[in-house]
Amino acid sequence: MITLTDIAYVRSGVADLPAATRFATEIVGLELAESTEPGVAHLRADQRHHCLSLVEGRSGVIASGFTVAGPDELDAAETELERSGISVRRGSAEQARSRRVREFIGFDDPFGNHLELVIDQEHVARPVAFSRTAGITEFGHLCLDAPDVYDAHRFWSTRFNAKVSDWIRDKACLLRIDPVHHKLAVFQADTPGLCHMNFQVASIDDVFRNWHFLLDHDVQIEMGPGRHPQST
């Protein structure tokens, strides 16, 4: 059993890096973290150096990252995944520096989502310099797509310490790896991918303030505002 301690980041390719960075900062409100790496923008929402990396290139999610406790746990995870028939790649030192982690391994889940397990993700002590007042408190969870959420549940609950908090019929499985209701969700979709990443805000007032802000800036709202009946 591989014990995940937290979510780490989402790494996504973007065709237009300046435009995507403007959206992440001016609309979402994230901080653009300092970096000298060309073609990559790191965005910060909490104590992590970044929770989102935008990489100039073909559009689409590159990887979703999770943390494990340390080097021994990373080695054990690599061995366990390989024994179960999953091909694992150890990241290079240069790739680890880009992710601001000490080490990581990468692999694909059975549905085609690329996942990374990391150790010693870089944290920043100073408060986040948000680009606007959105009320964001943290990177809350990430949600992956898979053709069959029951198959996805079996994958996450048998190989990892992910436990079901709730089901949304046969459309979604909400999973916890710590006391939070869910840090990971899997939604039904025909193809693999990143369904969404969540940023927690401090209050319901922040939800509605952001809703009005997005409407005022002609951002398409796909769902809500509303309350999850599962976790409330």
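The model is predicted, so local features need pLDDT of at least 70 and side-chain atom pairs count only at pLDDT 80 or more, while totals for chains, interfaces and linings use all residues. Residues are numbered from 1 along each chain as its sequence is written, and side-chain values use heavy atoms, with hydrogens and water left out.

Let's start with the rings. A pair of aromatic rings is described by the distance of the centres and the angle of the planes. Rings of Phe, Tyr and Trp (its six-membered ring) pair if their centres lie within 6.5 Å; planes under 30 degrees apart count as stacked, over 60 as edge-to-face and the rest as tilted. By this rule there are nine aromatic pairs. In one of them, the ring centres of F139 and F199 are 6.2 Å apart and the planes meet at 45 degrees, so this pair is tilted. It ties together distant parts of the chain, since F139 belongs to strand 9 (residues 136–146) and F199 to strand 13 (residues 193–201), 60 residues apart. Helices (H or I, at least four residues) and strands (E, at least two) are DSSP runs, numbered from the N terminus. F139 and F199 are both buried, where buried means under 20% relative accessible area, exposed over 50% and partly exposed in between (1.4 Å probe, protein chains only). W156 and F160 make a tilted pair too, with 4.9 Å from centre to centre and 40 degrees between the planes, and both of these residues are buried. Ring pairs also join W156 and F160 with F66, F107, F111 and F155 in a cluster.

Next come the cores. A nonpolar core is a set of buried Ala, Val, Leu, Ile, Met, Phe, Trp, Tyr and Cys residues joined through side-chain atoms within 4.5 Å. The largest one has 47 residues, and L117 and W156 touch the most other members. Strand 9 gives the most to this core, namely five residues. Another core lies apart from it and has six residues, among them Y9 and V118.

Five strands build an open sheet in the order 10-11-12-9-13, with mixed pairing; two strands pair if DSSP finds at least two bridges between them. Strand 10 (163–168) and strand 13 stand at the edges with a single partner strand each, so one side of each has no neighbour in the sheet. Strand 11 (residues 172–176) and strand 12 (residues 184–188) run antiparallel and are joined by four bridges. Leaving aside neighbours within four places in sequence, L184 is in contact (heavy atoms within 4.5 Å) with residues including F66, W156 and C173.

Most residues other than glycine have a negative phi, and most peptide bonds are trans. D120, in the loop between strand 8 (114–119) and strand 9, has a positive phi near 55 degrees and is partly exposed, with a relative accessible area of 45%. D218 has a positive phi as well, about 60 degrees, and is exposed at 72% relative accessible area. D218 is found in the segment after helix 5. P225 is also found in the segment after helix 5 (204–216), and a cis peptide bond with omega of about 5 degrees joins G224 and P225.
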